[in-house]
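Look inside this protein with me.

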Amino acid sequence: MAFDSGMRSKPWRMEGLGDTPFQITCKTPEVQMWFDQGHALLQSFWFEEAERSFRWCLKLDPECAMAYWGLARCGYNWFAAMGKVADDPKDRYRAFLKQASSRKDTVSERERLYIEAWEKAFAVGVERPSTILEAELCKIVVKYPADVEAKALLAFHSIGASPGSRYSTQLVVNQVLAQNPLHPGAHHASIHNWDGGDATQALLSCQMYGKSAPGVGHALHMPGHCYTKMGMWHEAAWSMDAATRTELKYMNDRLALPFETWNYQHNRNYLCYIQEQLGMAEASIQGARDLLNAPTDPEQDNVNGGGFTGQGLSALTRAYIKFERWDDILRPGSIAWPPGEQADFSRLYTEAIAFAGKGDAKQARGRLNELKSVVAKESEKNKMMAEYVALPVASAEGLVLLAEGKTLEGLHALGVAAAKEKEQREKDEYGSDPPDMPWPVMRLIGDAYLKRGDGRLAIEAYENALKAEPNDGFTLAGLAKAHASLGEKDVARNYAGRLAYVWSAADPGSRWLKEVAALNIDAAPIGEVPAAERIYRPAELASYGPSNWAPFAAPELDCLDVKGQKVSLSQFKGKNVLLIFFLNEACVHCVEQLGKVNEKLSDFEKANTVVLAVSSASPAMNKASVKLTDFGIRLLSDKDHANARRFASYDDFEDLELHSTILIDGSGKVRWKRTGGDPFSNVDFLLRELARVNGKK
C-alpha cells in the first residue's frame with residue numbers, strides 16, 4: 001500500500017514557508033489551506049512535510065485529485081526528474097499519480113494539464129522526465145499566462161536543459177519575481193540554476209530566499225552554496241549556521257533525531273567546511289565530532305553511501321588535514337574509523353598525508369602503498385573506483401614525494417592532481433557540496449614553491465588556487481608571504497588585509513596568522529567580496545537555537561500500571577528508560593519483540609535501565625494477560641492513545657496505533673527512537689546505544 005510508509009501523524013500550521021497559493025478543486029477551504037502548505041513546502045524541497053499536508057487533504061477530502069498529485073510530486077520531484085524512472089509496480093509515488101489520474105475528470109482543465117504533465121514525464125521508461133515536464137509546463141504557461149506557479153515549476157524543470165539554458169531559466173525566474181518578489185520557489189530555482197556556474201548571478205535570490213521562507217532550514221541553507229562560490233565566507237556561515245539551528249528547532253519540536261532528517265547532517269557538514277575557511281578550527285572540529293557522536297540507526301546510516309557517520313568523518317578528516325593536526329590524526333583512537341572500503345581508503349589517505357606532514361617519509365610511503373592496494377582491489381569490483389579516487393591519490397602521491405625530498409617528482413604528481421581537479425571542476429564533477437578535498441591542489445603547489453624559495457612560481461600557483469576557491473584564507477596567507485619574499489610589500493599588504501578580513505573570527509594563534517603577522521606590514525582588513533556581508537559571530541545567532549545537536553526532553557508520560565497506579569518518567573529520574581509502545585498481546589510481532597527484550601532484561605538492569613511497555617489495554621487486561629505477565633517488563637495502560645500521540649506513536653491518518661521503541665536517559669532526554677509499522681527487535685543495538693548513553697565504549 002502506498003500509505004504504509006511515510007508521515008504518520010497529522011500536520012500543523014507552519015509559519016514562514018512563503019506565499020505560493022495554488023488554487024485547486026476541493027470540498028472545503030481547509031483542504032485548500034493544507035494543499036497550499038504542502039505546495040509551499042515543495043518549493044523548498046521539504047518533501048516529507050509536504051507529504052504530511054497532502055495526506056491530511058485526503059483525510060478531509062478522500063476524492064481530491066490534486067492532493068494525490070501533490071503526493072506524487074513528493075517523490076516524482078526535481079531530483080527524480082533528472083533520471084530514468086524505474087518500472088516498479090510497488091512504487092508508492094506511481095500509485096499516488098495513478099490515483100490522481102483516475103480522478104482528473106473531476107478537476108478544472110488547468111489542474112488536469114498538471115496531472116497529465118506528470119503522467120507523461122514519469123511514464124515507465126522515460127529517460128529524462130525533466131525534458132517532458134519543461135515542454136508540458138511551457139504549454140500551461142502559454143495557456144494560463146497568469147499562473148505564476150506554472151512559471152515557478154517551469155523554472156525548476158528547465159535547469160540544465162541545454163548548455164546555455166541558465167539565462168533562459170533566469171528569464172522565467174524574473175517573470176515569477178515580477179509577479180511575486182518573495183516567491184520562495186523562484187529564488188530557490190535561481191540559486192540551483194547558478195550553483196556551479198556564475199554564482200554572482202544568483203546574488204539577489206541568495207539575499208531574498210531566506211527572507212521569503214524564514215521558517216525553512218533549506219531556504220537559509222541554499223544561499224550558502226552560492227556564497228561559498230563567491231568567496232563570501234562570512235555570509236555563507238550566517239546562512240549555514242542559521243539553517244542548522246532552524247533544522248534543529250524543527251527536529252526538537254517534532255521529536256526527530258539527526259538520522260531522521262538528511263538536512264541536519266548536510267547543513268552541519270557544510271557549516272564545518274565554511275568554519276574551516278574562516279580559520280575557525282575548533283568550531284569546525286567540534287561540529288564534526290558532534291556529527292560522529294550523534295545517535296545512528298542500524299538500517300539508515302551508511303558510511304560508504306555518505307550517511308551520517310560518513311558526513312562527520314569527512315568533516316573531521318578535512319579539518320584535521322587543512323589545519324595540519326598531524327598528531328591528532330595519528331593518535332590511536334582519535335578517529336573512530338568504522339568498517340567499510342571507503343573508511344579504509346579515507347584512513348590510509350589521511351594517515352599518508354599526516355606522516356608526510358610530519359616528515360616521516362617511510363611511514364607515509366607505507367600508507368600510500370596500502371592505499372594504492374585498496375584502490376586496485378576495489379577497482380576490480382567497481383570500475384569507477386579508480387576514476388573517483390584519482391584526485392586524492394595523486395595529491396597524496398605528490399605530498400609523499402615531497403616528504404621524501406623528491407621535489408621535482410612531487411611537483412609533477414601535484415600537477416597531475418591539479419589538472420584532474422581542473423577537469424572535474426569544468427565538468428561540474430568536483431565534489432563541492434561541501435568538498436571532501438581539504439584544499440585546491442594548486443595551493444599545495446604554491447606552498448611547495450614558496451618553501452623552496454621560488455616566490456614567482458608560488459604566486460602563479462596561488463592565484464590559480466584563488467580562482468578555484470575565492471578568498472581562501474590559506475591561499476591569501478601564501479600570497480602575502482610570497483609577495484613579501486619578493487619585496488612587493490604593497491601587494492603583500494593587500495593580501496594580508498584580505499586575510500585579516502576573512503579570518504577576523506579565526507582562532508587566535510594559528511600558524512598562518514602568525515606567519516603573516518611576522519611580515520610586519522601592518523595591514524587593515526579588506527573585504528573583496530561581491531556584496532556587503534555580515535561578519536560571522538556565532539553568538540549573534542543564538543536566538544535561532546543551538547547549532548550542535550543535543551538530546552531533547554521526552555514528552556510527558558502519564559500511564560497506569562496493572563494496579564491502576566499512575567506512572568510517569570519523573571519516577572525514574574537517574575535511570576534510563578526503554579519505552580516500548582506496542583499494539584496488544586494479540587500482535588504476534590509485538591510479543592516477539594517484548595520476548596527478545598525480556599531475554600536480555602538483566603543486561604538492561606546492568607545498564608541502569610528500566611523497561612516500560614505501553615499499550616491501549618486497560619490495567620485489568622494487562623494484569624490478566626497470559627502472554628505478557630510472565631515477562632519482567634512493566635506493563636502500562638495508555639487510555640485513548642493520549643501518550644502514544646504525545647510520543648508520535650499514533651497514525652492520525654489511519655487512526656491506528658504504531659510501534660515505537662524509545663531510549664530515554666536518566667535526565668529525561670530522548671537519546672534514540674524508532675517508530676513505524678513494525679516493532680524494533682534489534683536488542684543488541686539497543687544495549688550498544690545504552691552503553692553510549694552511559695559513557696561506555
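**Spaces inside the model**

The second largest cavity holds about 60 Å³ of space. Here a cavity is a set of points, on a 1 Å grid over the protein atoms alone, where a 1.4 Å probe fits but cannot get out. Points are joined across faces, edges and corners, and a volume is the space filled by probe spheres set on them. This is a predicted model: local features need pLDDT of at least 70, side-chain atom pairs count only at pLDDT 80 or more, and totals for chains, interfaces and linings use all residues. Residues are numbered from 1 along each chain as its sequence is written, and side-chain values use heavy atoms, without hydrogens and water.

Lining residues have an atom within 4 Å of a point. For the second largest cavity they include Phe581, Asp638 and Leu658.

The largest cavity has a volume of about 140 Å³. Among its lining residues are Phe45, Arg73 and Trp118. Helix H7 (148-157) gives the most to this lining, with 3 residues. Helices are DSSP runs (H or I, at least four residues), numbered from the N terminus.

**Two loops**

Most residues other than glycine have a negative phi. Phe45 has a positive phi of about 60 degrees. Phe45 sits in the loop between helix H1 (29-43) and helix H2 (47-60). At 5% relative accessibility, Phe45 is buried (under 20% relative accessible area, 1.4 Å probe, protein chains only).

Asn471 also has a positive phi, near 60 degrees. Its loop runs between helix H22 (455-468) and helix H23 (473-485). Asn471 is buried too, at 4%.

Notes:
Buried means under 20% relative accessible area, exposed over 50%, partly exposed in between (1.4 Å probe, protein chains only). On a 1 Å grid over the protein atoms alone, a cavity is a set of points where a 1.4 Å probe fits but cannot get out, and a pocket is an open set with protein on both sides within 12 Å along at least five of seven lines; lining residues have an atom within 4 Å of a point.
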